[in-house]
Amino acid sequence: MERLPRTRAIQTAALCIAFLATVPAYAQDATPSVRVNGSVASSLTLTMATLAAMPRASVTTTGNGIETKYEGVWIGDVLKKAGVSLGAALRGAALAGYVIATGSDGYQVVFSIGELDPEMTSGQYLLADSANGKPLSGENGSFRLIVPTDKRGARSVRMLTGLEVVMLRK
Ligand SMILES: Nc1nc2c(c(=O)[nH]1)N[C@H]1C(S)=C(S)[C@@H](COP(=O)(O)O)O[C@H]1N2
Ligand SMILES: [Mo]
(Lines give C-alpha, C1' and ligand atoms only; values in the text may rest on other atoms or scores of the structure.)
(Ligands and ions follow the chains in the order given, each with its own letter.)
Protein backbone atom coordinates (compact mmCIF):
# COMPACT_ATOMS: atom_id res chain seq x y z
CA MET A 1 0.00 0.00 0.00
CA GLU A 2 3.00 2.23 0.51
CA ARG A 3 4.03 1.80 -3.10
CA LEU A 4 1.04 3.38 -4.77
CA PRO A 5 1.52 7.01 -3.67
CA ARG A 6 5.19 6.74 -4.50
CA THR A 7 4.44 5.53 -8.03
CA ARG A 8 2.05 8.44 -8.37
CA ALA A 9 4.69 10.88 -7.26
CA ILE A 10 7.05 9.53 -9.89
CA GLN A 11 4.32 9.73 -12.55
CA THR A 12 3.57 13.31 -11.57
CA ALA A 13 7.25 14.23 -11.71
CA ALA A 14 7.55 12.58 -15.13
CA LEU A 15 4.55 14.54 -16.39
CA CYS A 16 6.07 17.79 -15.11
CA ILE A 17 9.36 17.05 -16.89
CA ALA A 18 7.50 16.13 -20.09
CA PHE A 19 5.59 19.41 -19.91
CA LEU A 20 8.71 21.48 -19.25
CA ALA A 21 10.42 19.82 -22.23
CA THR A 22 7.76 21.33 -24.51
CA VAL A 23 8.42 24.87 -23.24
CA PRO A 24 11.50 25.65 -25.39
CA ALA A 25 9.50 24.77 -28.53
CA TYR A 26 6.80 27.26 -27.60
CA ALA A 27 9.42 29.85 -26.66
CA GLN A 28 10.97 29.54 -30.15
CA ASP A 29 7.61 29.96 -31.85
CA ALA A 30 7.07 33.10 -29.79
CA THR A 31 10.03 34.80 -31.48
CA PRO A 32 9.60 34.54 -35.26
CA SER A 33 12.77 35.04 -37.26
CA VAL A 34 14.39 34.92 -40.68
CA ARG A 35 17.60 32.92 -40.91
CA VAL A 36 20.24 34.35 -43.27
CA ASN A 37 22.91 31.76 -44.02
CA GLY A 38 24.92 29.94 -46.67
CA SER A 39 27.87 31.71 -48.35
CA VAL A 40 27.92 34.66 -45.96
CA ALA A 41 30.64 36.07 -43.71
CA SER A 42 28.25 36.02 -40.74
CA SER A 43 24.98 34.11 -40.49
CA LEU A 44 22.09 36.13 -39.08
CA THR A 45 18.89 35.41 -37.24
CA LEU A 46 16.68 38.41 -37.91
CA THR A 47 13.85 39.08 -35.48
CA MET A 48 11.42 42.00 -35.23
CA ALA A 49 13.90 43.58 -32.80
CA THR A 50 16.90 43.16 -35.14
CA LEU A 51 14.96 44.63 -38.05
CA ALA A 52 13.73 47.55 -35.94
CA ALA A 53 17.36 48.49 -35.22
CA MET A 54 18.34 48.51 -38.94
CA PRO A 55 17.82 51.37 -41.45
CA ARG A 56 14.05 51.33 -42.14
CA ALA A 57 12.46 51.44 -45.57
CA SER A 58 8.94 51.35 -46.91
CA VAL A 59 7.02 50.79 -50.13
CA THR A 60 3.37 51.25 -51.00
CA THR A 61 1.73 48.67 -53.24
CA THR A 62 -1.66 48.73 -54.91
CA GLY A 63 -3.56 45.48 -55.32
CA ASN A 64 -7.19 45.46 -56.50
CA GLY A 65 -7.26 49.20 -55.91
CA ILE A 66 -6.26 48.83 -52.26
CA GLU A 67 -3.07 50.61 -51.14
CA THR A 68 -0.86 48.89 -48.58
CA LYS A 69 2.18 50.49 -46.99
CA TYR A 70 4.76 47.82 -46.16
CA GLU A 71 7.62 48.64 -43.82
CA GLY A 72 10.85 46.78 -43.17
CA VAL A 73 14.42 46.79 -44.41
CA TRP A 74 15.94 46.54 -47.88
CA ILE A 75 17.30 43.07 -48.72
CA GLY A 76 20.50 44.82 -49.86
CA ASP A 77 21.03 46.02 -46.27
CA VAL A 78 20.39 42.50 -44.96
CA LEU A 79 23.00 41.09 -47.36
CA LYS A 80 25.51 43.79 -46.34
CA LYS A 81 24.89 42.97 -42.66
CA ALA A 82 25.64 39.31 -43.43
CA GLY A 83 28.89 40.38 -45.10
CA VAL A 84 27.89 39.71 -48.71
CA SER A 85 29.92 41.82 -51.16
CA LEU A 86 27.78 44.35 -53.04
CA GLY A 87 28.47 47.53 -55.01
CA ALA A 88 31.97 47.80 -56.48
CA ALA A 89 32.91 44.55 -54.69
CA LEU A 90 30.18 42.61 -56.52
CA ARG A 91 32.22 41.43 -59.49
CA GLY A 92 33.74 38.31 -61.03
CA ALA A 93 32.73 35.02 -59.46
CA ALA A 94 30.43 36.79 -56.96
CA LEU A 95 28.07 37.62 -59.84
CA ALA A 96 27.25 33.89 -60.07
CA GLY A 97 25.73 34.12 -56.60
CA TYR A 98 22.05 33.84 -55.77
CA VAL A 99 19.67 33.90 -52.83
CA ILE A 100 16.98 31.29 -52.12
CA ALA A 101 14.05 32.82 -50.22
CA THR A 102 12.00 30.20 -48.36
CA GLY A 103 8.57 30.43 -46.76
CA SER A 104 7.40 28.25 -43.86
CA ASP A 105 5.08 26.40 -46.29
CA GLY A 106 8.11 25.37 -48.38
CA TYR A 107 7.50 27.96 -51.14
CA GLN A 108 10.83 29.03 -52.62
CA VAL A 109 11.98 31.76 -54.98
CA VAL A 110 15.49 32.42 -56.32
CA PHE A 111 16.96 35.91 -56.80
CA SER A 112 20.40 36.64 -58.24
CA ILE A 113 22.67 38.68 -55.98
CA GLY A 114 23.15 41.09 -58.89
CA GLU A 115 19.47 41.99 -59.06
CA LEU A 116 19.30 42.48 -55.25
CA ASP A 117 22.18 44.98 -55.25
CA PRO A 118 20.75 48.54 -55.26
CA GLU A 119 23.92 49.76 -56.97
CA MET A 120 23.25 47.32 -59.82
CA THR A 121 19.52 47.53 -60.60
CA SER A 122 16.53 49.70 -59.76
CA GLY A 123 14.55 46.72 -58.52
CA GLN A 124 13.12 47.08 -55.02
CA TYR A 125 13.30 44.18 -52.57
CA LEU A 126 11.88 44.78 -49.13
CA LEU A 127 12.00 42.37 -46.21
CA ALA A 128 8.71 43.56 -44.69
CA ASP A 129 7.68 43.10 -41.08
CA SER A 130 4.64 45.34 -41.02
CA ALA A 131 1.75 46.53 -43.20
CA ASN A 132 -0.12 49.76 -42.54
CA GLY A 133 1.63 50.10 -39.19
CA LYS A 134 0.71 46.62 -37.93
CA PRO A 135 3.01 43.59 -37.62
CA LEU A 136 2.45 41.07 -40.42
CA SER A 137 0.55 38.05 -39.15
CA GLY A 138 -1.18 34.88 -40.30
CA GLU A 139 -0.53 33.85 -43.91
CA ASN A 140 1.51 37.00 -44.52
CA GLY A 141 3.70 36.88 -41.46
CA SER A 142 5.67 37.37 -39.62
CA PHE A 143 7.96 38.40 -42.47
CA ARG A 144 7.38 38.81 -46.16
CA LEU A 145 9.32 39.79 -49.25
CA ILE A 146 7.75 42.66 -51.14
CA VAL A 147 8.90 43.26 -54.70
CA PRO A 148 6.95 46.32 -55.87
CA THR A 149 8.92 46.55 -59.11
CA ASP A 150 7.66 43.08 -60.17
CA LYS A 151 4.55 42.99 -62.41
CA ARG A 152 3.06 40.07 -60.45
CA GLY A 153 3.17 39.14 -56.77
CA ALA A 154 4.46 35.61 -57.24
CA ARG A 155 7.97 36.36 -55.93
CA SER A 156 6.70 38.12 -52.79
CA VAL A 157 7.39 35.16 -50.51
CA ARG A 158 5.01 35.17 -47.54
CA MET A 159 5.82 33.59 -44.15
CA LEU A 160 9.50 34.12 -44.95
CA THR A 161 11.80 32.03 -42.74
CA GLY A 162 15.08 31.89 -44.63
CA LEU A 163 17.41 33.60 -47.07
CA GLU A 164 20.18 31.26 -48.19
CA VAL A 165 23.10 32.67 -50.15
CA VAL A 166 24.68 30.34 -52.70
CA MET A 167 27.89 31.06 -54.64
CA LEU A 168 28.15 28.93 -57.79
CA ARG A 169 31.85 29.74 -58.16
CA LYS A 170 34.58 30.45 -55.63
N1 LIG B 1 5.02 31.36 -48.74
C2 LIG B 1 4.34 31.61 -49.89
N3 LIG B 1 4.45 32.83 -50.44
C4 LIG B 1 3.79 33.11 -51.58
C5 LIG B 1 3.00 32.14 -52.23
C6 LIG B 1 2.91 30.86 -51.62
O7 LIG B 1 2.25 29.92 -52.10
N8 LIG B 1 3.59 30.64 -50.45
N9 LIG B 1 2.34 32.45 -53.39
C10 LIG B 1 2.85 33.59 -54.16
C11 LIG B 1 1.93 34.03 -55.18
S12 LIG B 1 1.80 33.05 -56.56
C13 LIG B 1 1.25 35.24 -55.12
S14 LIG B 1 0.31 35.81 -56.38
C15 LIG B 1 1.31 36.07 -53.88
C16 LIG B 1 -0.08 36.35 -53.37
O17 LIG B 1 0.01 37.24 -52.31
P18 LIG B 1 -1.23 38.14 -51.94
O19 LIG B 1 -2.33 37.23 -51.56
O20 LIG B 1 -0.82 39.04 -50.82
O21 LIG B 1 -1.54 38.92 -53.19
O22 LIG B 1 2.06 35.45 -52.84
C23 LIG B 1 3.22 34.79 -53.26
N24 LIG B 1 3.93 34.36 -52.11
MO1 LIG C 1 0.18 33.95 -57.90
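This is a predicted model: local features need pLDDT of at least 70, side-chain atom pairs count only at pLDDT 80 or more; totals for chains, interfaces and linings use all residues.
**The cavity**

- The largest cavity holds about 30 Å³ of space.
- Its lining is formed by Ile75, Val99, Phe111, Leu116, Leu145 and Leu163, and by class these residues divide into six nonpolar, no polar and no charged.

- Around ligand 1 stand Asp105, Tyr107, Arg144, Gly153, Ala154, Ser156, Val157, Arg158 and Met159.
- Sorted by class, this shell around ligand 1 contains four nonpolar, two polar and three charged residues, whereas the lining of the largest cavity has no polar and no charged residues.

**Polar contacts and cover of ligand 1**

- On the side chain of Asp105, an N or O atom lies 2.8 Å from a nitrogen atom of ligand 1.
- Arg144 also makes its approach through the side chain, where a polar atom is 2.8 Å from an oxygen atom of ligand 1.
- Ser156 takes part through its backbone, with a polar atom there lying 2.9 Å from a nitrogen atom of ligand 1.
- Taken on its own, ligand 1 has 530 Å² of accessible area, and the protein covers 59% of that area.

Technical notes. Residues are numbered from 1 along each chain as its sequence is written. Chains are lettered from A and ligands numbered from 1 in the order in which they are written. Side-chain values use heavy atoms; hydrogens and water are left out. On a 1 Å grid over the protein atoms alone, a cavity is a set of points where a 1.4 Å probe fits but cannot get out, and a pocket is an open set with protein on both sides within 12 Å along at least five of seven lines; lining residues have an atom within 4 Å of a point. Grid points are joined across faces, edges and corners, and a volume is the space filled by probe spheres set on the points. Ala, Val, Leu, Ile, Met, Phe, Trp, Tyr, Cys and Pro count as nonpolar, Asp, Glu, Lys and Arg as charged, and the others, Gly among them, as polar. A residue is near a molecule or strand if one of its heavy atoms lies within 4 Å of it. A polar contact is a pair of N or O atoms within 3.5 Å; within protein, one must be able to donate a hydrogen and the other to accept it, and residues adjacent in sequence count only if both atoms are side-chain atoms. Accessible areas come from the Shrake-Rupley method with a 1.4 Å probe; for residues, only the protein chains shown count as cover.
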